[in-house]
Amino acid sequence: MADPTPSQSRPRQCASHRCGRAARSDALRRRPAAPGARLCGSCARALAADLAALPALHHESEQQLVLPARRAGLARVTGNHPDAPPVNDAALEARHDAVVRLASWARLVLDECADAATGAPPGRTVPELAAFLRRHAGFLAAHPAAGPAADEIAQVAAALRLVVAAPRPELVPLGRCVEPGCDAEVSLPGRGGDELVLRGPMCDAGHVLTPRQWLLLNQRQSTAGTKESA
C-alpha cells in the first residue's frame, strides 16, 4: 500500500501569519486549520471579532482627527483668526487604510463568492464593508488568501485601537509583548482601580493581552529573573 501523501497524513496548518510566527518563536503552539478552512478556529474567531469591532473603532477614531491643544501646541493666530487646528496624521492614515483594505477584500469576495454576487455590493464605508465581510467570513476563512486577509484586517483593527486608546499616564512597564512577531512594550496603569479593569495589559502596538498571554508574560519575566539571579 502506498504511503499517504503529506496532505493526507497531517492536517493543513493555519494560514495566518500569527500562527506561523508563533511556531518559529515558540511563544504559542501552532494550530492546524479547521476542517474545510485555511484558518484555525482561534484565528477565524479573531477575524470575525475584528470585523465586528471595526465600525465602532472607526467611529471613535473620528474624534481623534484633530489634535488637542496640549499635544499640538497653541494654534498660531494670523490677524484676528487662529489657524485651523492640526490634523492627527496617525488617525487620518488609520481611517483611510481601513477603507482601502476592507474594500480590497470585499472586491475579492464579490468577484469570487457566488452568494455575495447575488446581493447589492456594500458602500465604501467601514460599517458597510465590515458587515459585508463578516457575513462572508466563512468564505474568507476557506479562501487561498485567508492568511493575508486575516492578518490585514487584524492590522487595521490594531491601528484603529491604537488611535482611539486614550493616553494613560503613569504606566507600569511589564516587559515585551508575547504576541508573535511583536516586540512592543506591555504596560498597565500604575494607579490600578478602575483604570486597570478598563484598560488591562496592553502593548504599545495596540495588542490587548488575554489572561493566558498575561500568564505567559509573567512566566517569561519570572524565568528571566531567575536566570539573572543565578
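Here is a chat about a predicted model and the reasons behind the words used for it.

Reader: What makes up the chain, and how much of it is buried?
Author: The chain has 11 helices and 5 strands. Of its 230 residues, 35% count as buried.

Reader: Let's take one residue. Why is serine 16 called buried?
Author: Its relative accessible area is 4%, and buried means under 20%, so serine 16 goes in that class. As for its place, serine 16 is in the loop between α1 (6-9) and α2 (17-25).

Reader: How do you know that serine 16 makes a polar contact with aspartate 151?
Author: The two side chains come to 3.0 Å. The cut-off for a pair of N or O atoms is 3.5 Å, so the pair of serine 16 and aspartate 151 counts as a polar contact.

Reader: What else is serine 16 in contact with?
Author: Setting aside neighbours within four places in sequence, serine 16 is in contact with Leu39, Cys43 and Gly147, as well as Asp151.

Reader: Now the inside. What makes a set of residues a nonpolar core, and which members of the largest one touch the most others?
Author: The members must be buried residues of kinds such as Leu, Val or Ala, joined through side-chain atoms within 4.5 Å. The largest core has 39 residues, and Leu54, Leu102 and Leu133 touch the most other members. Two or more residues come from each of α3 (41-61), α5 (89-112), α7 (126-135), α8 (137-142) and α9 (146-164). Helix α5 gives the most, with 11 residues. In general, nonpolar side chains in soluble globular proteins tend to be buried together.

Reader: What is leucine 102 in contact with?
Author: Leaving out neighbours within four places in sequence, leucine 102 is in contact with Leu51, Leu54, Val126, Leu129, Ala130, Leu133 and Ile153. There's also a second, separate core of 8 residues, including Val178, Cys182, Ala184 and Leu217.

Reader: On to the strands. How do you know that β3 and β4 pair?
Author: Pairing takes at least two bridges, and 5 bridges join β3 (residues 171-176) to β4, so the two strands qualify. They run antiparallel. One example is proline 173, whose bridge partner in β4 is serine 187.

Reader: What makes β4 and β5 a pair?
Author: β4 and β5 (residues 202-203) have 2 bridges, in the antiparallel sense. At least two are needed, so β4 and β5 also count as paired. Here valine 186 has cysteine 203 as its bridge partner in β5, while serine 187 stands opposite methionine 202.

Reader: Why are β3 and β5 called edge strands?
Author: The open sheet has 3 strands in the order β3-β4-β5. β3 and β5 each have a single partner strand, so one side of each is left without a neighbour in the sheet.

Reader: What makes β4 (residues 185-189) "mostly covered"?
Author: In β4, 4 of its 5 residues are buried, that is, under 20% relative accessible area.

Reader: Last one: what lines the largest pocket, and what is its volume?
Author: The volume is about 940 Å³. The lining has 29 residues, and Arg18, Ala46, Ala154, Glu179 and His207 lie nearest the centre. The elements giving two or more residues to this lining are α2, α3, α9 and α11 (211-229).

Definitions and conventions
Residues are numbered from 1 along each chain as its sequence is written. This is a predicted model: local features need pLDDT of at least 70, side-chain atom pairs count only at pLDDT 80 or more; totals for chains, interfaces and linings use all residues. Side-chain values use heavy atoms; hydrogens and water are left out. Buried means under 20% relative accessible area, exposed over 50%, partly exposed in between (1.4 Å probe, protein chains only). A polar contact is a pair of N or O atoms within 3.5 Å; within protein, one must be able to donate a hydrogen and the other to accept it, and residues adjacent in sequence count only if both atoms are side-chain atoms. Contact means heavy atoms within 4.5 Å. On a 1 Å grid over the protein atoms alone, a cavity is a set of points where a 1.4 Å probe fits but cannot get out, and a pocket is an open set with protein on both sides within 12 Å along at least five of seven lines; lining residues have an atom within 4 Å of a point. Grid points are joined across faces, edges and corners, and a volume is the space filled by probe spheres set on the points.
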